[in-house]
Amino acid sequence: MIIHAGGMIGNGVAGPAGPQGPSGITSVRRKSEVAFTGLSLVIPTTATNLINLIKALPHTGSFTPFFNTTTNKFAVFNNNSTVTFKINITGSWTGAAATRSMTVDFPGTIGNTLIASRDAAVTTDIVSLPTFFSVDAGGNLATNGSDITIKSNGATFTATSIILIAEQMIPTT
């Protein structure tokens with residue numbers, strides 16, 4: 001132990017650790033949110049490119065940066081981070097098919113097929129399909145993007161509204 005004129009300094013018990021300091025890496029959230037209302041849009045029973053199907057419809061919000069209306073692809077930032085994705089579709093199936101579901105697929109990615117089943121007793125259907133993508137910098141999704149296909153199973157679906165959202169945290173430096 002060292003004794004100093006103002007008191008003892010030395011091998012005492014350490015106090016509690018302070019909060020973690022900043023890492024020096026800052027990030028910003030990038031987001032696309034597009035809403036379509038007042039629709040009478042038929043979603044077919046064959047896989048159809050979603051962006052191509054909706055890009056010319058009146059909407060609020062912005063397709064950019066995640067929904068490329070030139071290539072009709074889902075495009076993410078080339079960064080090791082997670083992208084969250086969600087689509088909500090409100091409407092109804094035609095006919096009396098007992099087995100009805102909606103499939104949203106991302107060809108060229110591994111295991112990203114979303115399916116929501118609905119009971120025939122439900123007359124106004126709200127299909128909500130959320131997921132996330134673990135993006136690898138330099139990977140296929142980050143460099144090539146992916147189509148987003150949509151297909152109604154059991155019968156055609158008439159959408160009255162659609163909300164499409166994607167977001168990703170990316171470094172600012």
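# Checking the labels on this model

Q: Why is arginine 118 called partly exposed?
A: Arginine 118 has a relative accessibility of 26%. Buried means under 20% relative accessible area, exposed means over 50%, and partly exposed is what lies in between (1.4 Å probe, protein chains only). At 26%, arginine 118 therefore counts as partly exposed. A word on the ground rules: this is a predicted model, where local features need pLDDT of at least 70 and side-chain atom pairs count only at pLDDT 80 or more, while totals for chains, interfaces and linings use all residues. Residues are numbered from 1 along each chain as its sequence is written, and side-chain values use heavy atoms, with hydrogens and water left out.

Q: What makes arginine 118 and aspartate 125 a salt bridge?
A: The closest N and O atoms of arginine 118 and aspartate 125 are 3.1 Å apart.

Q: What about aspartate 125 and arginine 100, with N to O at 3.8 Å?
A: The side chains of aspartate 125 and arginine 100 meet in a salt bridge too. Aspartate 125 sits in strand 12 (residues 125-135) and arginine 100 in strand 10 (residues 99-105), so the pair ties together parts that are 25 residues apart in sequence. Strands here are DSSP runs of E, at least two residues long, and helices are runs of H or I, at least four, both numbered from the N terminus. Put together, Arg100, Arg118 and Asp125 are linked in a network of salt bridges.

Q: Why is aspartate 125 called buried?
A: Its relative accessible area is 0%, so aspartate 125 falls on the buried side. Arginine 100 is buried as well.

Q: How many salt bridges does the rule give?
A: The count comes to 4. One of them joins glutamate 33 and lysine 31 at 2.8 Å, N to O. Glutamate 33 comes out at 33% relative accessibility, so glutamate 33 is partly exposed. Lysine 31 has a relative accessible area of 33% and is partly exposed.

Q: Why is asparagine 72 called buried?
A: Asparagine 72 has a relative accessible area of 13%, so the label is buried. Asparagine 72 lies in the loop between strand 7 and strand 8 (73-74), and has a positive phi of about 60° although it is not a glycine.

Q: What makes the bond between threonine 64 and proline 65 stand out?
A: This peptide bond is cis, with omega about 5°. Proline 65 lies in the loop between strand 6 (60-62) and strand 7 (67-68).

Q: Why is proline 171 called partly exposed?
A: With a relative accessible area of 35%, proline 171 lands in the partly exposed band. Proline 171 belongs to strand 14 (residues 157-171). Leaving aside neighbours within four places in sequence, proline 171 is in contact (heavy atoms within 4.5 Å) with Thr26, Ser27 and Asn79.

Q: Which residues does threonine 48 touch, not counting those up to four places away in sequence?
A: Threonine 48 touches Leu53, Ile148, Thr149 and Ile150. Threonine 48 is found in strand 5 (residues 48-49).
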